[in-house]
Amino acid sequence: MLTVASLSRRQLETRLAGPGLLVQTGAFVSRIRSPIRHVADGIALLYGDYPIHGADGFADFHVGLQYPGGLRRWYQPQVNFDLDGQLPFEPLPEAHAFPMLEWGLNWCISTRAHAYLMIHAAVVERGGLAAILPAPPGSGKSTLCAALVNRGWRLLSDELALFRPEDGLLVPVPRPVSLKNRSIDVIRGYVADAVLSRPVSNTTKGTVAHLKAPADSVARAHETARPAWIVFPKYEAGAATSLTPIPRARAFFRVADNAFNYSHMGARGFATLAGAIEGCTSYDFRYSNLDEAMALFAALEAPR
Amino acid sequence: MAASETWRLRPGQTLQYRQWDGECILYNDLSGDTHLLGDGAIELLLALRRGPATRAALAAVLQAEFDLAPAELDLETDTLLHDLQHLNLIDTLAC
Amino acid sequence: MKRLPILVAVLRDPDLLPGLRLADWDLLLRQSTSANLSPTLLALIEEHGLLDTVPAQPRAHLDWVRALATRHRQAVGFEVECIQAALARVDGVAPLLLLKGAAYAMAGLRAGAGRLFGDIDIMVPQARLDDVESALMLHGWASSQTDAYDQRYYRQWMHELPPMQHVRRQSSIDVHHAILPQTAPVHPDPALLRAAAVPIAHAPGLATLAPADMVLHSAVHLFFDGEFDKGLRDLLDLHFLFREFGVHAGFWEALPARARALELERPLFYALRYSRRLLGTPVPDAVLDALAEAAPNRGLLAVMDALFERALLPMHASCSDAFTGTARFALYVRGNWLRMPPLMLARHLFHKAFLSRKQSS
């Protein structure tokens with residue numbers, strides 16, 4: 001299968017500026033179009049391992065990062081996220097184009113793919129068992145996720161836990177891991193040879209950068225995983241590493257609170273989430289030291 | 001409420017639920033809501049799933065399953081019935 | 001007419017589906033998504049037993065959509081029940097008369113399959129509006145218009161209360177007392193509509209308009225309203241209603257006379273014409289002949305054909321040509337013009353464009 005890396009920079013730019021680049025990221029194929037240099041830069045740097053399809057292939061999402069018409073094309077240029085002719089968001093400064101692509105793709109999946117129960121969470125897997133890390137922004141989930149996938153865990157996603165109702169398995173959509181502010185430097189220090197996009201500052205989330213997903217995670221993007229642990233992380237400077245079990249009914253509602261489409265899924269959503277809670281052990285996890293966090297995760301026991 | 005009042009499960013409620021460690025979660029087939037219920041509530045619902053029952057019979061179910069003083073029994077029964085009705089899980093049969 | 005977009009071709013003739021290539025599916029789903037017709041497409045595919053012929057990648061999209069359609073149907077059923085309970089003590093509103101999407105869904109009509117919509121629409125006698133509004137407020141609904149001008153606009157000129165939203169469930173209800181506003185050039189009598197209303201067999205306490213009236217209301221809604229982003233969906237409603245009721249004895253024969261009684265011959269003419277031309281609806285020639293006098297003159301008809309045939313297509317780049325934007329705007333102005341006299345319209349559009357926005361910032 002051809003990958004993005006098989007294209008020369010010029011070929012990449014030609015596709016992006018023209019008919020679009022069809023990229024497969026696990027369960028989804030996106031057609032991406034953009035004349036903006038930052039988008040080509042980000043894709044060239046971070047998407048080398050991902051399979052590409054021909055121009056007349058089927059794409060799940062048709063997205064574009066486009067300049068708006070009028071003056072904002074030239075004066076303090078902006079970028080629009082275009083979803084097949086709709087502009088769901090306000091424009092952003094041109095420099096934010098690559099993060100906008102990543103947020104936009106997450107939005108496409110989380111607002112449409114209702115065959116899955118979708119939780120806002122990171123998902124990592126090791127030894128056939130997956131840990132789900134639901135977390136509101138600021139909990140340190142992404143730092144933890146980025147560290148774990150560089151210490152022996154496979155990346156399924158840093159933002160989207162996709163549960164398949166038929167069998168309760170998790171479906172991967174491994175894409176670049178988004179990091180914010182402090183965690184960019186932390187990961188730069190923690191991961192040798194970390195491939196990071198150029199940080200973009202002054203976004204609504206502060207400074208943002210994306211970390212390339214491990215090649216092995218991308219290569220295994222078609223492999224589902226069985227959920228075993230639900231871990232709510234909380235980074236607290238100076239805190240001792242601790243793991244506290246959560247009663248199942250409480251865990252159920254806390255996960256549902258972090259779901260994109262629990263209510264949309266109706267009875268199926270209930271059954272899928274109940275199955276996940278029953279098959280997993282759920283914990284609150286507090287940490288301040290990444291090495292200790294890694295050791296704790298490595299020691300997690302399979303649920304009985 | 002009258003002791004002879006007959007209650008039933010709302011038609012359409014299939015009682016999809018899980019009971020974990022003394023807490024019960026239940027999916028409401030009519031409203032699409034998900035509820036966190038105590039043991040008393042689920043016992044009443046399961047009793048009604050077997051068939052309509054009078055208030056007196058339901059009070060007896062609670063008395064058999066839980067440690068309730070007679071004074072508490074009435075209040076507990078009525079409160080539960082009222083709450084479950086408000087949640088569209090049960091209603092009364094017309095006489 | 002130009003070649004039809006693939007979505008329209010498939011709606012006309014579902015037998016085309018097994019022959020589609022992957023690239024065709026890609027375009028079909030993009031058009032159906034932009035027209036909000038993906039659940040309808042799914043219903044059509046399932047009705048014709050063609051799900052197995054759909055390749056895996058597009059079939060996944062249909063699975064995404066099935067979940068939404070199921071949940072939506074559940075929500076509609078529950079919402080209608082809550083409204084019935086709220087209005088149980090108001091005189092003169094039982095059986096509860098449902099309109100549009102809610103009516104199709106609760107009556108189990110083909111037009112309701114896979115049709116997603118945002119509001120529940122009901123119709124009550126004008127004399128009971130205050131009591132209905134009070135009862136709804138008592139049960140948790142609140143009026144969503146806070147701008148004093150919009151409130152007055154609604155109550156004075158429109159055929160409905162300002163939309164109300166339930167504070168906890170966030171669901172919306174539109175309470176109509178007529179099917180067109182007082183400012184419109186024609187005045188279909190709501191008393192006639194209510195008198196002919198038909199109870200829903202398996203749903204005690206609920207009613208819909210009579211079949212002919214349901215068709216006429218849908219035609220009015222499509223051809224008098226300004227907003228055509230739902231144009232194809234509304235035309236599809238008409239198509240399904242015509243097909244479902246068309247097999248009932250006497251339906252076609254009585255339709256022109258009923259249109260005349262309600263002053264709605266012109267919208268019916270357009271409904272029959274465009275449903276037949278775009279979607280291939282089997283309309284007996286005799287019906288169109290009976291409406292010949294209600295047809296516009298040839299010049300106007302040519303203009304209307306050009307406008308509507310563009311505006312009724314999916315709002316997607318693949319279906320547009322240079323004139324489509326103009327067509328939609330011209331019909332938007334026409335739509336609103338039909339409902340409000342020109343001077344009032346100018347004032348209304350001005351207010352909508354400037355005053356409301358400033359107040360809300």
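Mentor: What follows starts with chain A, goes on to the chain that touches chain A, and ends with the remaining chain. Keep in mind throughout that this is a predicted model.

Chain A has nine helices and 17 strands. Its radius of gyration is 19 Å, and the globule rule gives 19 Å for 304 residues, so chain A is as compact as a globular protein of that length.

The chain falls into two domains: domain 1 covers 4-112 and domain 2 covers 117-298 of chain A. Their centres, taken over C-alpha atoms, are 25 Å apart. Where the two domains of chain A touch, domain 1 contributes 17 residues and domain 2 contributes 22 residues. On the domain 1 side of this contact, the elements giving two or more residues are α2 (37-46) and α3 (97-112) of chain A. Of these, α3(A) gives the most, with six residues. Sorted by class, the domain 1 side that touches domain 2 in chain A consists of nine nonpolar, six polar and two charged residues.

Now look at a pair of helices in chain A. Helix α4 (residues 141-148) and helix α9 (residues 290-298) of chain A have axes that come within 10 Å and cross at roughly 65°. That angle makes α4(A) roughly perpendicular to α9(A). The crossing of α4(A) past α9(A) is right-handed. From α4(A), the residues in the contact are L144(A), A147(A) and L148(A), while α9(A) brings L290(A), A293(A), M294(A) and F297(A). By class, this contact of α4(A) with α9(A) has seven nonpolar, no polar and no charged residues.

One backbone detail in chain A deserves a stop. N202(A) is not a glycine, yet its phi is positive, at about 65°. To find N202(A), go to strand β13 (residues 200-203) of chain A.

Next comes the neighbour, chain C. The contact between these chains takes 18 residues from chain C and 14 residues from chain A. On the chain C side, α2 (22-34) and α4 (56-86) each supply at least two residues. The most comes from α4(C), which gives 10 residues to the side of chain C that touches chain A. That side of chain C is made up of nine nonpolar, five polar and four charged residues.

The loop between α4 and β1 (96-99) of chain C holds P95(C). The peptide bond leading from A94(C) to P95(C) is cis, and its omega is near -5°.

Helix α9 (residues 211-224) and helix α11 (residues 251-261) of chain C pack with their axes 10 Å apart, at an angle of about 55°. At that angle, α9(C) is oblique to α11(C). The crossing of α9(C) and α11(C) is right-handed. In this contact, P211(C), A212(C) and L216(C) of α9(C) meet F251(C), A254(C), L255(C), R258(C) and A259(C) of α11(C). The contact of α9(C) with α11(C) divides into seven nonpolar, no polar and one charged residues.

That leaves chain B. Chain B contains three helices and six strands. Read from the N terminus, the order of its elements is β-β-β-β-α-β-α-α-β. The radius of gyration of chain B is 13 Å, which agrees with the value near 12 Å that a compact globule of 95 residues would have. The C-alpha trace of chain B spans about 35 × 35 × 20 Å along its principal axes.

Two helices of chain B can be read in the manner used above. Helix α1 (residues 39-50) and helix α3 (residues 70-86) of chain B cross at roughly 75°, and their axes come within 10 Å. The two helices α1(B) and α3(B) are therefore roughly perpendicular to each other. On one side of the contact are G40(B), A41(B), L44(B) and L45(B) of α1(B), and on the other are E76(B), L80(B) and L84(B) of α3(B). By class, the contact of α1(B) with α3(B) has five nonpolar, one polar and one charged residues.

Methods. Residues numbered from 1 in each chain as written. Chains lettered and ligands numbered in written order. Predicted model: local features only at pLDDT ≥ 70, side-chain atom pairs only at ≥ 80, totals over all residues. Axes fitted to C-alpha atoms, helices over the stretch in contact; angles between N-to-C directions. Helix = DSSP H or I, 4+ residues; strand = E, 2+ residues; numbered from the N terminus. Parallel < 35°, antiparallel > 145°, perpendicular 65-115°, else oblique. Left-handed = near helix turned anticlockwise from the far one by under 90°. Contact = placed C-beta atoms within 7 Å. Nonpolar A, V, L, I, M, F, W, Y, C, P; charged D, E, K, R; others polar. Domains from an automatic or database assignment. Rg over C-alpha atoms; globule rule 2.2 N^0.38 Å.
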